[in-house]
Amino acid sequence: MRKGFLCGVYVLLVIIAFSPSGCGNGETIKIGTIKIGINAPLTGDIPKVGEGTKFAAQMWLEDIQAAGGLEVGGKKYPVELAIEDNESKAESAVKVNTKMITEDEVLVIVGPQASKQAVPAGGIANKYKTPMISPWSTNPDTTKDRPYVFRTPFLDPFQGPVLANFITEEFKFTKSAVLYDVASDYPKGLAEFFKKAWENLHGPGSVVAFESFTTKDADFSSQLTKITNSGAQVLFTPQYYNEVALIVQQAHQLGWKEPIVGSDSWGSAETVQLCGKDCYGLFFSTHYAAAGATGATKEFIDRYKAKFGYVPDDVAALTWDSLRIVQKAIQDTGELTGDLKKDRNRVRDAMGRIEKFKGITGEMTFTEEGDPIKCAVIVRISDAGEFEFYKSVCPTG
Amino acid sequence: MRAWIRTSTSAFSQVPLLGWLFGALIAVALEHLVGTPLALALGLPKIPVLFGFVIMLKKPILIPSAILYVLCIYVVPIGVTTRLSISRTNRLAAELFRSPIVISVAVHLALLYAILHMWAGINDYRLLVLKLTLIAIMVTLSLNVINGYMGEFSCSHPGFMALGAYGASVFTVVLFVDDRLFGAAILPPALGPFMFPIALILGGLVASLGALAVAIPSFRTRGDYLAIISLAFMFIVKSLIENLEFVRGPRGLSGQPDWANLPTVFLWTVICVWIINNFVRCTMGKALNAVRDNEMAAEAMTVNTRRTKIVAFLFSAFWAGVAGGLFAHVLGYVNPGTFGIQKLAEVLAMVYFGGLNSVYGAVVGAVSISLLGEVLRPLEIFKWIIIPLLLILVMIFRPTGLIAFKELNVTNLVKPKQNPDEEM
């Protein structure tokens, strides 16, 4: 008798276990709070990037709180940020995204920054139909075939030709050299796009040296000697700030006198600090120029500097723009229904419709893929070590 | 009072595994039924996701509610049901024990799966954490074969994982997915889930093949030198994949189909634990211990040390490769940067935290480090102070890890803990 009862309990439990969970899982939020997830690398390889993201997000939240909330359709909603650390690891970025979507029930996600995290995390966001915007990822895969994923920066296939054209027009050079990190996603991609664009302009073989190294190398003398002897007129190196300093200094020690040109990864406050006088007078392409900025850009830089003590780098500026895009998209929905699923869809639609958004990193319109059409800025490092606006290059057609 | 505590703890020592599983099942069922109303009544926004720890760190004001919730849903129901059902579960366990051991084990595993399924059914975040924890158990266990049972210090497991991850991913992506890299799918995707085990085994075999590069030098070197060779192997694998354009180099390979669901991962973990447990307890496993303790003596006692080493490395790499394949399919993306020093540190921490030379230890280490990493995430940088600190403390007080040198004996595990006829 007892055993029969026990068996009955077991059977019942197993049935409950395998039945799809029906109760207590309704996706409704208490209408009244808008939650926005920030997926940032606060620890790990690139903590400075995470810091910039966090600070920009906090500044944005202050603005919203000062205004008494985010106004959507005539009603003010308080905003909450869920800032989570993804340790700069792909798997953690996926965990964080899953957590923010299913547990914290955020409306929109901003981040992750680096492509190695944004690509898998974007897959999660798309799977759960939650809009996500990456402020920094330049890998085409992040947004490819993912209607719910957007990004704020321009892509490498755009940046490569911009630089090739700029060098050709500015210096009238025909032979270039490239030095890049073969083990890192971003420099490798950009180096290849640059090479392709350069060879389109000057014919095959016009990139006279295409040298590579591996992440964390610190001695570039053999590659730089080759480049110096190759007869190149300009060196292009799409590296991060710590490597830029080493490359530029070593190149000058080895007798390289021609210009060195970089990409948006140079745009960190650390570049000039580490590189010093060697970097003065060099050019790179980026999203915005801090020195000599005007209007909203200047206002942002001044506020950030006053609050956190240093000039914001491009990650902070792009995060700021991403949050402003999110804000506009939420406001454009007209009203929030309180049904999270519906609201996420509406925000996504509104974001896809955004046209000519005036951000501090330029004017943006999203393509079908969720990539912005926007201008790049060429910056010159002045003799005072500041990033000076030199010219702006916009996509044609 | 003290007497009461003593009697109740001694009573709990008589609870068979079946009883604990039964109690846990009741607890997760309870969470399904009354979890949400209870959480709301206690002032929590929703069901605490990882036993309330995350919410405690984020909003300290909710600590009492979170503790109360855990007490109401987990601690009290498990305690009460296991205590009350001691005689019944023991009798049932005894009944099962009389039947072939396979049936008894199958019932236990089915119960365990039901518990995990229900626990993870509350929230997809739990599901993901659970899947990655199970995969971590596989990797830790496979590393334990080398570092624990054979006593070498292998640093190559992230490399084996990478080989397995890429091997399995290339197989599934080429055959079943339309993508830009390899063109259209060759076989209909409907066949995919059935071929998934083949993909995983293939990943494991690729990893085994790579392991030859470490196994052969191990004939002549030991200790630190072999550790350096294995470390070099890990970097070779990483650089190799970074330079292989057909798997997209450092950009990473994405588009793996979503076949690594909970039953698949659970089943593979169970198979892995079962086979490794049998392996280390058979003659070959004892030969591993002999090689560890004194290679010369082992050789003199007719242990074929070369064969032992090569089998151990290939076997261990196979399971690391399978785990890597599952890992790639859980994330749907894999890049060479994932399998670097950071991953190595994580796996080694799991092995040494849990305990050398022990299947229990590997499970405990993998589960505790994975969960700690998740639970302490809100602390950001302090997480990287607390976890290493814990590791140091474990190393001071238990130099070989929490549960080291303990055999997993399945028969002991499932047998009833008291004679049912005695009590009444």
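Visitor: Which residue in β17(A) stands opposite A:Ile378?

Guide: This is a predicted model, in which local features need pLDDT of at least 70, side-chain atom pairs count only at pLDDT 80 or more, and totals for chains, interfaces and linings use all residues. Residues are numbered from 1 along each chain as its sequence is written, chains are lettered from A and ligands numbered from 1 in the order in which they are written, and side-chain values use heavy atoms, without hydrogens and water. Strands are DSSP runs (E, at least two residues) and helices likewise (H or I, at least four), numbered from the N terminus. The residue in β17(A) that stands opposite A:Ile378 is A:Lys391.

Visitor: How many bridges join strand β16 of chain A to strand β17 of chain A?

Guide: Two strands pair if DSSP finds at least two bridges between them. β16(A) and β17(A) form a hairpin with five residues between them, and A:Gly385 in the turn has a positive phi of about 80°. Strand β16 (residues 376-381) and strand β17 (residues 387-393) of chain A run antiparallel, and the number of bridges joining them is six.

Visitor: How many salt bridges does the rule find across the interface of chain A and chain B?

Guide: Contact, meaning heavy atoms within 4.5 Å, takes in 50 residues from chain A and 52 residues from chain B. The buried area (the accessible area, with a 1.4 Å probe, that two parts lose on being put together, summed over both) is about 4800 Å² here, with 56% of it on carbon and sulfur atoms. A salt bridge is a side-chain nitrogen of Lys or Arg within 4 Å of a carboxyl oxygen of Asp or Glu; one of them joins B:Glu245 to A:Lys188, with the closest N and O atoms 2.4 Å apart. Across this interface of chain A and chain B, the number of salt bridges is 13.

Visitor: How far apart are the centres of domain 1 and domain 2 of chain A?

Guide: An automatic or database domain assignment supplies the bounds: domain 1 of chain A covers 34-153 + 294-366, and domain 2 covers 156-286 + 379-393. Nine residues of domain 1 of chain A are in contact with eleven residues of domain 2 of chain A. Taken over C-alpha atoms, the separation of the two centres is 30 Å.

Visitor: Which three residues supply 52% of the area that domain 1 of chain A buries against domain 2 of chain A?

Guide: Across the interface of these two domains of chain A, the rule finds zero salt bridges. Domain 1 and domain 2 of chain A bury about 720 Å² between them, 45% of it on carbon and sulfur atoms. On the side of domain 1 of chain A, 52% of the buried area comes from three residues, more than from any other three: A:Lys48, A:Thr138 and A:Asp314.

Visitor: In chain B, which side chain meets that of B:Arg126 in a salt bridge?

Guide: Chain B is divided into domain 1 (2-100) and domain 2 (124-412), with eleven residues of domain 1 and nine residues of domain 2 taking part in the contact. The area buried between these domains of chain B is about 840 Å², and carbon and sulfur atoms give 78% of it. The count of salt bridges between domain 1 and domain 2 of chain B is one. At a distance of 3.2 Å, N to O, the side chain that meets B:Arg126 in a salt bridge is that of B:Glu31.
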